[in-house]
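Dear colleague,

Please find the structure below, and look it over before reading my notes on what was found in it.

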There are 2 protein chains.
Amino acid sequence: MSTPISNLRERLAELEDLRSAAAVLSWDQEAMMPPEGGAQRAEVLATLERIRHQQFISADTGRLLDAAAAAVDGTDGDSDEACLVRVVSRRWNKLRQVPPELVADEARAASIGREAWIDARRRGDFSAFAPYLKHNLELKRRYVDCFDEFECAYDALLDDYDPRMQSSEVARLFAQLKAELTPLAAELARHQLDDSCLHGHCSTGRQRRLVEKVLALIGFDRRRWRLDDAVHPFATGVGAGDVRITTRWHESYFPAALFGAMHEYGHGLYEAGVDGSLRRTPLGHGASLSVHESQSRMWENMVGRGREFSRVLAPLVAQAFAGPLQDLDADTLYRAINRVHPSLIRVEADEVTYGLHVILRFELEQELLEQRLEVDDLPEAWNARIGEYLGLEVPDDKHGVLQDVHWSAGLIGYFPTYALGNMIAGQLWGQVHDELPDLDEQVEAGELDGLRSWLVERVHRHGAKFTTSELLERVTGCPIRVEPFVDYLQTKLSRVYGISLNPQEKNQ
Amino acid sequence: MSTPISNLRERLAELEDLRSAAAVLSWDQEAMMPPEGGAQRAEVLATLERIRHQQFISADTGRLLDAAAAAVDGTDGDSDEACLVRVVSRRWNKLRQVPPELVADEARAASIGREAWIDARRRGDFSAFAPYLKHNLELKRRYVDCFDEFECAYDALLDDYDPRMQSSEVARLFAQLKAELTPLAAELARHQLDDSCLHGHCSTGRQRRLVEKVLALIGFDRRRWRLDDAVHPFATGVGAGDVRITTRWHESYFPAALFGAMHEYGHGLYEAGVDGSLRRTPLGHGASLSVHESQSRMWENMVGRGREFSRVLAPLVAQAFAGPLQDLDADTLYRAINRVHPSLIRVEADEVTYGLHVILRFELEQELLEQRLEVDDLPEAWNARIGEYLGLEVPDDKHGVLQDVHWSAGLIGYFPTYALGNMIAGQLWGQVHDELPDLDEQVEAGELDGLRSWLVERVHRHGAKFTTSELLERVTGCPIRVEPFVDYLQTKLSRVYGISLNPQEKNQ
């Protein structure tokens, strides 16, 4: 029987199908496509995005939304249907101001830009990449100009990755975070910590077997998941029963692939955990990229680099890399993988300095967008700020401004979600320990079912029904906060370094 | 500057982008997708096909075609533009009679049917597959009912794979072919030929390296091509710079993977060779599946199993499988890979009995479509006809009616193109030898550039500008004929078996 809600769902399902197609094509471009296929792939993605946008912003969709809104009027505001209408209406009102040609131009530029970035990064040649970044920024300015409902240009972008989040709020949180992280990093820099067990040749084949074993242990299921290689690791939720993650391999540093894979597993698990009733709707994905990142960072750092999981991991590492590591014990591993020291590459940064990498990008993005900084001056600005925040000298652009894929793919306004994700992870990690008092014992026994079920029940199944703040209020009773994450870091690092970093040490 | 032709091209380019997206998704479904992703993938493919069909048959496209037709009126009928208008107009007039929902239903059923077939084939359980085949046949009958311009139901299907080809013509050619092949197979059955060198354990890893080496030698370029594994090997032309082929590995019979890969390479080369000016139009692919198959069969059999290429292949095989095969010589290999003996699996059949496999399917398809044969009676009919044509008993449906993917994916009317392809390959193989008198010496020296260039120049670059007949007339001066293929077989097999099969032996 056709109802206003079923009619809306049918239309949205078709649009979700186009999204799913584009997701496979983008995954394929990163993980499978022969290099010479790039030019045509950009056109195909542009066409898909244009059609999807045209159909979404059509008056037809508007009428379906109006009819559905009338049907849910006065019903429970937290129901799937009410949330669907509320979230999609807001998005429709935003996006119908954007011309389809601009959407196609952005998709094309993103696809071409990624290819150009891979090449420029390999050669460490920023000047080869600069024209693509300029073009992407120009497109973003045209995009921002479509709206007048946002407080500032950056808010219009941020809203695409974290609905209703504002840069003034991000700036406030980041100021507080920076004030905590900077002295913490400085304090830890005065202490030595041996992480030599992590460095040394480990063949990709052995690493791959280790990673597959660890993923299987924490819930990776070959009937629903794939693991592949990528230059810049990512996760893709293609749809029900199809989640794909990627990682990259460093022959002389196995933690990159291992924790990279656990990170992407966290993203994948979120996509896989959304309730079936929200599938093939725009709510069938994470609430925001910030909440998404909380999931990846939780699995990478709070589980993966946690004291309890180190007891599971150490024998697997010892077995995988017999020889130098055959006597590796859990405490040695735990300390090594939690060593804090400033470094140049964000994705390899420790949990303390990671936030400073993100804050740097947040600042530079705003300056670029508002043209207070020119693209040609970006490497210099980048290098100066790395010196200021981390005390490091950048030897070349490959280890500096060219390290991340995001700007090449038009993802501007995305970086803040990484540090927000850490904070959210801190809040959720505290909450799950309150609600599952024996969680540490479970993890130490290699049992992750309890954590996974809690995450599905409290976070994943809701998909994008709620904003970041709404979801956090529901789960933890609080809006987004810096303190739980800082407490978590201080407690953990006091233990790792055998020093007292927090006057009121908590058992988290 | 916008012209009637450029406007038409722009519209067609978008539709080609959707085709390219669907090609990647289908390739992904076969080669990459986790098993549980199948249900959603079917919906995504259905949506893409529905949108593509809707946009293609729209009145808008009709107006663009009319304007373009007026613009090319009176110009050279062989120009890209005139061919584009002619071919696309004919297709538009056919397809606008088909409701979009039927197209979506067919795409969905094809995707679901393939998954069901993989499972049923593995278990050898025809009854599990029968409902899907019944549904596909029902959809095909609804499709056929959309038209009244075809002589018979089967013609409406055949036309999708080989435009303007008619089943009466196919039946006439197949009667002649069968009359030639049946006594030839019977004659050769009376002779012994040792092919034991092909049987024995060869690890997939070694086979893969051999296949990669051979493909590289004949023109596979990693910047533009991919090779992957699939249950039922196939080739996909995703677009410019992106051609994908697949093969499958038998640990105890290496020729399956090797010649399977050369077969798909022939398809891929055709897709790769279409002129750039026809890209992102419906003419940017092969003329028909029959001509397509002529290319794959030529590379598999006329090159790959040819006497000259055996001299290239033998040392590579000897090197790959050192041990039992280290002394393999070219003549032994040449004879073994050309042994004629009736067998159950079409894709592994020799060049003589292959045609009989196809004729059997052509007959059964017509009977099923016209409901002279019921699906539930199909295995029995299949097995009886295998006995009649090949003198074999079918031990189970996995080696019988369940062996091919086609019917599961709604590809009914497709099989004849396989045997037509052999005939066309025979004609083209004769023609290229007339035009390149030293071709055999080139192939024996491992030089395939001459053959490739000739194929691109005479066949590939034209894409789908011409029908099978038009193309053959242009290249060989004749319509499709049985004789050149039979001559080729008799000449080759006389040599292989050391007997005289042809009174007027030719040097081909």
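In strand E3 of chain B, Arg244(B) is the bridge partner of Thr236(B). Strands E2 (residues 235-239) and E3 (residues 242-247) of chain B pair in the antiparallel sense over four bridges, where pairing asks that DSSP find at least two bridges between two strands. Two residues lie between the strands of this hairpin, in which Gly241(B) takes a positive phi near 75°. Five of the five residues of E2(B) are buried, so the strand is largely enclosed by the rest of the structure; a residue counts as buried if 20 or more other C-beta atoms, placed from the backbone, lie within 10 Å of its own, as exposed if 12 or fewer do, and as partly exposed in between.

This is a predicted model, in which local features need pLDDT of at least 70 and side-chain atom pairs count only at pLDDT 80 or more, while totals for chains, interfaces and linings use all residues. Residues are numbered from 1 along each chain as its sequence is written, and chains are lettered from A and ligands numbered from 1 in the order in which they are written. Helices (H or I, at least four residues) and strands (E, at least two) are DSSP runs, numbered from the N terminus.

Turning to helix H15 (residues 378-390) of chain B, its buried residues are Leu378(B), Trp382(B), Ile386(B), Tyr389(B) and Leu390(B). Seen down the helix axis, these fall within an arc of 80°, so they line one face of H15(B), the arc being that of the directions from the axis to the C-beta atoms. The face turned away from them carries the exposed residues Glu380(B), Ala384(B), Gly387(B) and Glu388(B). Just after H15(B), Gly391(B) takes a positive phi of about 70°.

Best wishes
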